Amino acid sequence: MKKEDILSINQLLANPKKIAIIPHRSPDGDAMGSTLALYHFLLKEGHEPIVIAPNEFPDFLAWLPSSDQVLIFENQKESTTKILNECDVIFTLDFNALHRTGEMEKVLMPLNVPFIMIDHHQAPESYATYAYSDTQYGSTCEMIYNFISFLGKKEQIDKTIATCIYTGILTDSGSFRFPKTTGTTHRIIAELIDLGVENTKIPTLLFDNNSENSLKLLGRALQNMIVLSEYKTAYISLSQKELDEFDYQKGDTEGIVNYGLSIKGIHLAAIFIEHKDENIIKISFRSQGDFDVNQFARQHFNGGGHINAAGGKSYQTMQETISKFKTLLTTSII
């Protein structure tokens with residue numbers, strides 16, 4: 001992050017401010033971990049922070065410290081719009097384009113206050129007054145740790161803040177398996193554990209609190225898996241009918257796409273999930289090696305993300321979307 005930006009932000013935060021902290025729509029562990037870590041830090045600094053999520057976050061993140069204080073824009077449009085209009089500063093975390101907030105974009109666009117972006121995705125938009133944007137990091141939570149350190153406030157990181165940061169690093173690194181997990185990442189994790197983070201308990205809270213229906217939905221997803229060995233690809237589809245059959249709740253499909261990538265010889269995995277309430281097919285891509293699913297999602301499926309992990313959406317039917325995907329495989333080098 002630029003030194004002049006750090007100085008300016010320190011001056012901006014020198015006096016108590018009303019601050020909104022916003023994750024992307026359908027927030028994951030990194031989005032919720034980073035926003036809540038920043039929330040607790042700013043609270044300790046004497047500010048009036050509030051986290052406003054565009055929509056509901058998954059139940060498996062509801063144990064995070066002060067997650068019960070998070071406001072949901074989709075459920076409280078009038079009151080959250082009022083709060084946003086009264087804020088002095090707005091942080092946007094784990095995304096770099098305002099459309100990632102869904103309907104909130106219309107409220108955020110006209111606001112004439114400093115925006116501070118902290119994010120690790122490619123191709124950032126230019127809406128932010130100050131941007132800490134760097135694709136070398138595997139998570140925004142690791143960047144939040146750095147951000148607090150840049151401000152000269154590292155001593156403010158306590159067990160609560162450390163727990164939030166740890167959660168985001170753990171989830172966005174694929175439990176420390178993804179390529180952007182560095183020695184520095186592990187040194188930060190060691191510091192967080194020394195601050196009291198319950199590193200043996202958190203994975204259980206995140207990954208081992210499945211409902212009976214979510215496991216049955218996983219079983220159906222695996223039954224639906226198609227392996228295209230000639231393209232080193234595996235894909236899964238779930239229809240709205242199947243989601244309804246197993247009483248789908250937000251977060252139930254988290255991580256299912258990774259099962260395709262666990263097959264020997266598979267370098268690209270995808271999952272296609274029908275959401276009739278939005279009239280879209282939501283898509284997640286995962287890859288191993290050099291195949292860039294970020295560019296693949298951006299060019300063909302209205303999405304983006306990272307080189308090896310990205311998401312997208314399709315306004316076509318499930319059959320048309322999968323047909324398009326299979327056609328694209330014939331011209332892609334995987």
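## Helix H1 and its packing

The buried residues of helix H1 pack against strands E4 (89–93), E5 (115–119) and E6 (130–133), and against helix H5 (140–150). This is a predicted model.

Which residues of H1 are buried? H1 spans residues 3–12, and its buried residues are Asp5, Ile6, Ile9 and Leu12. They cover an arc of only 125 degrees around the axis, so they lie on the same side of H1. The other side of H1 carries exposed residues: Lys3, Leu7 and Gln11.

## The largest nonpolar core

In soluble globular proteins, nonpolar side chains tend to be buried together. Here the largest nonpolar core holds 50 residues. Ile21, Leu38, Phe91, Ile118, Ile165 and Leu192 touch the most other members.

Take Phe91. Residues up to four places away in sequence are not counted; beyond them, Phe91 touches Leu13, Ile19, Ala20, Ile21, Ile22, Leu38, Leu42, Ile116, Ile118 and Phe147.

## Aromatic pairs

A search of the whole structure finds 14 aromatic pairs. One of them joins Phe296 and Phe325. Their ring centres are 6.2 Å apart and their planes stand at 75 degrees; edge-to-face requires over 60, so this pair is edge-to-face.

The pair links distant parts of the chain. Phe296 sits in helix H12 (residues 293–300) and Phe325 in helix H13 (residues 318–329), 29 residues apart. Both Phe296 and Phe325 are buried.

## The aromatic cluster

Phe296 and Phe325 also belong to one aromatic cluster, together with Tyr235, Phe272, Phe285, Phe291 and Phe301. What sits over the ring of Phe301? The charged end of Lys324 does, 4.8 Å from the ring centre.

Terms used. Residues are numbered from 1 along each chain as its sequence is written. This is a predicted model: local features need pLDDT of at least 70, side-chain atom pairs count only at pLDDT 80 or more; totals for chains, interfaces and linings use all residues. Side-chain values use heavy atoms; hydrogens and water are left out. A nonpolar core is a set of buried Ala, Val, Leu, Ile, Met, Phe, Trp, Tyr and Cys residues joined through side-chain atoms within 4.5 Å. Buried means under 20% relative accessible area, exposed over 50%, partly exposed in between (1.4 Å probe, protein chains only). Contact means heavy atoms within 4.5 Å. Helices (H or I, at least four residues) and strands (E, at least two) are DSSP runs, numbered from the N terminus. The arc is that of the directions from the helix axis to the C-beta atoms. Rings of Phe, Tyr and Trp (its six-membered ring) pair if their centres lie within 6.5 Å; planes under 30 degrees apart count as stacked, over 60 as edge-to-face and the rest as tilted. A charge sits over a ring if NZ of Lys or CZ of Arg is within 6 Å of the ring centre and within 35 degrees of the ring normal.
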